[in-house]
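Please read them alongside the coordinates.

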Amino acid sequence: MAPAIVSEPAAPTADLPVSMIVHADDVAHSATIVLSGELDLAVANSLAATLEDQHRRARRYVRLDVSDVTFLDATALSVLVDAHFEFLAHRGTLTLTGVGRPVSRLLSLTGLGDVLLVAGTRSPFDERGRSAARHGLRPVAV
């Protein structure tokens with residue numbers, strides 16, 4: 001029998017410059033979080049809470065689809081680094097997918113491209129690199 005895939009929209013928060021939707025596979029203990037917009041100080045706490053929630057739900061393998069991220073600052077990057085090490089400490093992984101120029105530039109400047117797990121420039125939802133948001137999955141503001 002195929003594993004159940006569920007979507008868990010994060011709690012909406014008004015007027016933040018990012019959208020997020022979580023797709024989880026409880027059987028495989030994995031989740032994909034699709035992000036779009038700006039990842040900065042304004043959304044760092046929401047992003048951290050979403051990642052902590054996935055960890056609490058025993059999802060050891062989390063992918064972040066960042067193919068529609070237009071900006072990433074040091075605060076949000078710090079959240080990703082902290083979550084990366086937390087997942088590794090519990091024998092899991094946090095993997096960035098769909099890494100485009102805004103994200104790859106900061107990873108390169110900081111040297112964190114060699115620390116974080118980066119699976120490539122294509123989204124896990126489409127071999128042509130189009131993200132889930134472009135396939136009718138409804139992003140929910142966080």
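1. Arginine 57 is partly exposed, with a relative accessible area of 42%, where buried means under 20%, exposed over 50% and partly exposed in between, for a 1.4 Å probe and protein chains only. Its side chain meets that of aspartate 53 in a salt bridge, at 2.8 Å from N to O; the term stands for a side-chain nitrogen of Lys or Arg within 4 Å of a carboxyl oxygen of Asp or Glu. Salt bridges that share partners join Asp53, Arg56 and Arg57 into one network.

2. This is a predicted model, in which local features need pLDDT of at least 70 and side-chain atom pairs count only at pLDDT 80 or more, while totals for chains, interfaces and linings use all residues. Residues are numbered from 1 along each chain as its sequence is written, and side-chain values use heavy atoms, with hydrogens and water left out.

3. The structure holds two salt bridges, and one of them links aspartate 53 to arginine 56, with the closest N and O atoms 3.8 Å apart. These two residues lie three residues apart in helix 1 (residues 41-56) and are therefore separated by about one helical turn; helices are DSSP runs of H or I with at least four residues, strands are runs of E with at least two, and both are numbered from the N terminus. Aspartate 53 is partly exposed at 21% relative accessibility, whereas arginine 56 is exposed at 60%.

4. In helix 3 (residues 101-110), the buried residues are Val103, Leu106 and Leu107. Seen down the helix axis, they fall within an arc of 100°, so they line one face of helix 3, the arc being that of the directions from the axis to the C-beta atoms. On the other side, Arg101, Arg105, Ser108 and Leu109 are exposed.
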